[in-house]
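Colleague: I am new to reading protein models. Could you take me through one, feature by feature?

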Amino acid sequence: MITVVGLGAEEGDLTENGKRAILEAKRVIARTALTRSYRNLAALGVEHTCLDEVYKRSRSFSTLNKNLAAEVAKSGDGTVYCVDGAASEDNSVRELKRRLRGKLRIIDGVSRVSALVRAAGFAECSYTAVSAYELAETPELPAPLVVYDMDDRALAGDVKLRLSDVFGEETEVLYISGGETKKIKLFELDRQNAYGYDSAVAVERIPLLEKKRFTLSDLKELVERLRRPDGCPWDRVQTPESIKMNAVEEAYELADAIESGDDDKVLEETGDILLQAVFHAVMKEESGSFDLADVTTGVCEKLITRHTHIFGKDKADGEAGALSVWEKNKMKEKHQETFSDAVNDVPKVFPALMQAQKVAKRVEKGGWGYADYESAEQKLFEEISELKAARDAGDKKKIASELGDVLMSAVNLGREVGADCEEALLDTVKKIKRRFTAYESAVLADGKDVNALSEEEKERYYRAVKSAEESGA
């Protein structure tokens, strides 16, 4: 049996049980001699070994803990391993416990983290404490927060960058080192005079309206505040039905921002999309239907269950293979037992052209498509002939029906060449707007009226505009 003793945070913290275990041990190993609590071991005058050399040859914190645990484990029964703080908080002890399959006796000491928490003034509230070496792997960092083990300037710089992402670099924090505590700006964290094993940074709870950086939880809280009886008169009367089209509008605005290549606009419009999602989640939580955690759980589960070529046993070669796996899993999740189920699941609020392409894609999976480009092209010509016949007959209802068939055939032709019909038409609309603007400007520059041109003149101006655009002039 190996025993671990926590030496505490300061001189005098060693418990009587810990002292007795050290004095009766066959051999004593100390994690490090560079802490104030090490004096509790040194004062006993027993022969012991320190593992500071292990620190020097370990490339990372994870490697360090494994190397420390390996050194202690091979020392055998009757060994006492002394660590600073509380033994149960030490990561090398956790690794040792895993190696020895729990056959470990632990005598806890005064918690080093508790001492830091008292120094930060967090003792009367809940808090989060994390080692600086584990900070990058910790996804949630709510305040009050204590980050300890910040024992050199480079590590302090890493902590600064991570915390700045969460709280903002101008946030006031507490720097704790050598038994002293002082307030600094977060951006000053790696500019202090000295760092040691007991250096830490503490972030106090920040009121919502004073934050410099916000999380998804903060956004939810803001929407909830706006929905309260004393909140915003507009926000509190909205329903899912009253704002359902807002999400559609915001999606188009995001697409427009992406098209513009303006990252500031993309940032803003992405936020607006997120606001719509949170707004709907808050309203549904009010009615007891679901909450934001259900939303994030659902989308994460979907990403896992539909990417079985990544998280499961399916195989996929290239983009087409991955899409095939996705579609198969999607039909399974939605309980779509027939291709008709998938066809009828295409959202009715999609623009007509987008709906047409989605439907064409899904009916093709059910065997209702075209063998090749030539077949799709022939169908388009047939539909144009039928449209002409309907026009000649003067049947307005038939004309509309045949026009729809022409457009649908054009969509199928677009799919055959691998084009996105919605984007293709939008690109053509933009091209027409651009070319007509240049065309009209050229005509007006010559002092002419666009509606008084001959066909020959129209063609000449158009050709000139098109040629200039294609040449990049």
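Colleague: Which residue stands opposite Ile2 in E5?

Modeller: General idea: strands of a sheet pair through backbone hydrogen bonds, either parallel or antiparallel. Here, Ile2 stands opposite Leu104 in E5. Helices (H or I, at least four residues) and strands (E, at least two) are DSSP runs, numbered from the N terminus. Two strands count as paired if DSSP finds at least two bridges between them. This is a predicted model, where local features need pLDDT of at least 70 and side-chain atom pairs count only at pLDDT 80 or more, while totals for chains, interfaces and linings use all residues. Residues are numbered from 1 along each chain as its sequence is written, and side-chain values use heavy atoms, with hydrogens and water left out.

Colleague: How many bridges join strand E1 to E5?

Modeller: Four bridges do, and the two strands run parallel. E1 covers residues 2-6. Val5 of that strand has Ile107 as its bridge partner in E5. E1 is also joined to strand E4 (residues 79-83), by four bridges and again in parallel. There, Val5 is partnered by Cys82.

Colleague: In what order do the five strands of the open sheet stand?

Modeller: The order is E3-E2-E4-E1-E5, with parallel pairing. Strand E3 (49-50) and strand E5 (104-107) are at the edges. Each has a single partner strand, so one side of each is left without a neighbour in the sheet.

Colleague: Which residues of E1 lie on one side, and which on the other?

Modeller: General idea: in a regular strand the side chains alternate between the two faces of the sheet. In E1, Ile2, Val4 and Gly6 are on one side, Thr3 and Val5 on the other. Both faces are covered. Five of the five residues in E1 are buried. Buried means under 20% relative accessible area, exposed means over 50%, and partly exposed is in between (1.4 Å probe, protein chains only).

Colleague: How should I read a nonpolar core?

Modeller: General idea: in soluble globular proteins, nonpolar side chains tend to be buried together. A core is a set of buried Ala, Val, Leu, Ile, Met, Phe, Trp, Tyr and Cys residues joined through side-chain atoms within 4.5 Å. The largest one here has 23 residues. Val147, Val159 and Leu163 touch the most other members. Strand E7 (145-148), helix H7 (153-167), strand E8 (172-177) and E10 each supply at least two residues of this core. H7 gives the largest share, six residues. A second, separate core has 16 residues, including Val4, Leu51, Tyr81 and Leu104.

Colleague: Which residues is Leu163 in contact with, leaving aside neighbours within four places in sequence?

Modeller: Contact means heavy atoms within 4.5 Å. Leu163 has such contacts with Leu135, Leu141, Leu145, Val147, Gly168, Leu186, Val201 and Val203, once those neighbours are left aside.

Colleague: Is Asn412 buried or exposed?

Modeller: Asn412 is buried, because its relative accessible area is 14%. Asn412 sits in helix H18 (residues 396-416). Not counting residues up to four places away in sequence, Asn412 touches Ala360, Tyr370 and Ala376.

Colleague: How do I read a salt bridge?

Modeller: General idea: side chains of opposite charge can pair when their charged atoms come close. The rule asks for a side-chain nitrogen of Lys or Arg within 4 Å of a carboxyl oxygen of Asp or Glu. By this rule the count is 34 salt bridges. One of them joins Glu286 and Arg227, at 2.6 Å from N to O. Glu286 lies in helix H11 (residues 263-287) and Arg227 in helix H8, so the pair ties together parts 59 residues apart in sequence. Glu286 is partly exposed at 45% relative accessible area, whereas Arg227 is buried at 14%.

Colleague: Which residues are linked in a network of salt bridges?

Modeller: Glu10, Arg36 and Asp198 are linked that way.

Colleague: What is the salt-bridge partner of Glu71?

Modeller: Lys74 is the partner, with the closest N and O atoms 3.5 Å apart. Glu71 is partly exposed, at 23% relative accessible area. Lys74 counts as exposed, at 63% relative accessibility.
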